[in-house]
Amino acid sequence: MNATVWKEKLSAVRDSFSVSIAQKPAVNPEELELRFLGRKGELALLLRDLKDIPLEERKPLGALGNAAKTEMEARLAGLKGAAGLSGPVVKADLDLTLPGVPFPKGSLHPLTHTMNRLTEAFLKLGFTMADGPLVEDDYHNFEALNFPPYHPARDMQDTFYVDLKDAAGKELLLRTHTSNTQIRAMENQDPPIRVFHPGRVFRNEAVDASHSFTFHQIEGLYIDAGVSMADLKWTVDTFMKDLFGTAVKTRFNPSYFPFVEPGAEVDMSCVFCKAGGDRCPVCKGTGWLEMMGAGMVHPNVLKACKYDPAKWSGFAFGAGIERFAMLLYGISDMRMLYENDLRVLKQVH
Ligand code: PHE
C-alpha cells in the first residue's frame, strides 16, 4: 500500500463515520465506537496498515490518522452526552438554569386543620377520642338526651329525617349535634369517662354567612365521682387559652339544653378587638364571642345510660368547629369553607 491509497482509505473511513453518526434515528454511540475505534475497528485496522508504508512517508500519515481518531472520539462523546440528558434531539437547547416546573403540594383543608388543633388540645387534657354515627336513631340523638317526644326543645334543632329504618325498625335521622356520642360512649363503657368527638352534623337551615345545612361540632364529656362546675370552667378556660393564647378570658351565661343542668353558653373575650372596641365587626362591639354550649350532665341522661346519678356526676360541652376555624384563620364568611376556592385554601398550611 502506498501513501495515496492509505489517505483515500482514511478519508473513506471518516466519511462513513460522519454518515453513521448523523443517522436519524440516532445510532447507539457504543456501537459506533466499536465499529470505528475498537481494537478491530475500521480506523484501528487502517493505522495497523501503516507498517507497510516506508518510514519517511509514515510519519505525516500517522499524524493524520491520530487527528481523525481524536475528532471521532470528540463527536462520539458529544452524542453520548446528549443521549444521557434527554435524547439526541434536545442537545444544546437544554438550559439548566431555568426555574423548574411548579409542583403544587396541596395542604389540609382549614376545617381539618382546625379539627386537628382542637383534637391536640383535648388529648393534652387527657381526653380520648370517641366516635358515633352520622345517621342516627331518635333515641341517641334526642330521647336519651332528655328530649322527650314532642318536646318543644326539639324545635331548637330543625332535623333532617331519613326515609329509612334501622334493623330494629327505628326511624333514622341525620344527627343534629355530636351529643349522640355522649350516649354512645356511656353505653360502651363504665365511668369514669373522659372523651371528645369531632364530627359532622346536619340541620335543616338555610345557608348564609354563619349557617349551613351541614357543619362540624366537637363534643366533650367527662364523668367521674365528684365532678363539678368548677372542673368544667377550668377545662373550658384551659382549652380556649391553648387555642387562642393565654390572654383570652372565658365567661359563662345561663342557658338551656335539655341534657344539662345547669346549662350554660360559654363566651370568649373577642380576639380581634381585645378590649371590646365599639365598632369591632366580629363581636359587634360587645367584646365577647359565643363559643359553645356546656353544662353539668342531667341526671336523666345518666339514668338513661345506667350510670347512678347519686354516685357519678359530670360535664359536657359542644362547640361549632367552623366558628373556631373562622376565628383562627380570620375567615369572615362560613360559605368560604365549603366553596373550595384555592385562594382561600392556599392560605392555610
Ligand atoms: N349539642 C348542643 C348544640 O348542638 C351543644 C351542647 C353540647 C350543649 C353539650 C351542652 C352540652 O347546640
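Tutor: A polar contact is a pair of N or O atoms within 3.5 Å; within protein, one must be able to donate a hydrogen and the other to accept it, and residues adjacent in sequence count only if both atoms are side-chain atoms. This is a predicted model, in which local features need pLDDT of at least 70 and side-chain atom pairs count only at pLDDT 80 or more, while totals for chains, interfaces and linings use all residues. Residues are numbered from 1 along each chain as its sequence is written, and side-chain values use heavy atoms, with hydrogens and water left out.

Student: How far is a nitrogen atom of the ligand from an N or O atom in the side chain of Ser179?

Tutor: A polar side-chain atom of His177 lies 3.0 Å from a nitrogen atom of the ligand. For an N or O atom in the side chain of Ser179, the distance to a ligand nitrogen atom is 2.9 Å.

Student: Which residue has a side-chain N or O atom 3.0 Å from an oxygen atom of the ligand?

Tutor: Around the ligand there are 15 residues (near means a heavy atom within 4 Å). The closest include Arg203 and Gln217. The side chain that places an N or O atom 3.0 Å from a ligand oxygen atom is that of Gln217.

Student: Which strand gives the most residues to the shell around the ligand?

Tutor: Strands here are DSSP runs of E with at least two residues, numbered from the N terminus. Strand E6 (214–224), strand E9 (288–297) and strand E10 (313–320) are the elements that give two or more residues to the shell around the ligand. With three residues, the one that gives the most is E10.

Notes: Helix = DSSP H or I, 4+ residues; strand = E, 2+ residues; numbered from the N terminus.
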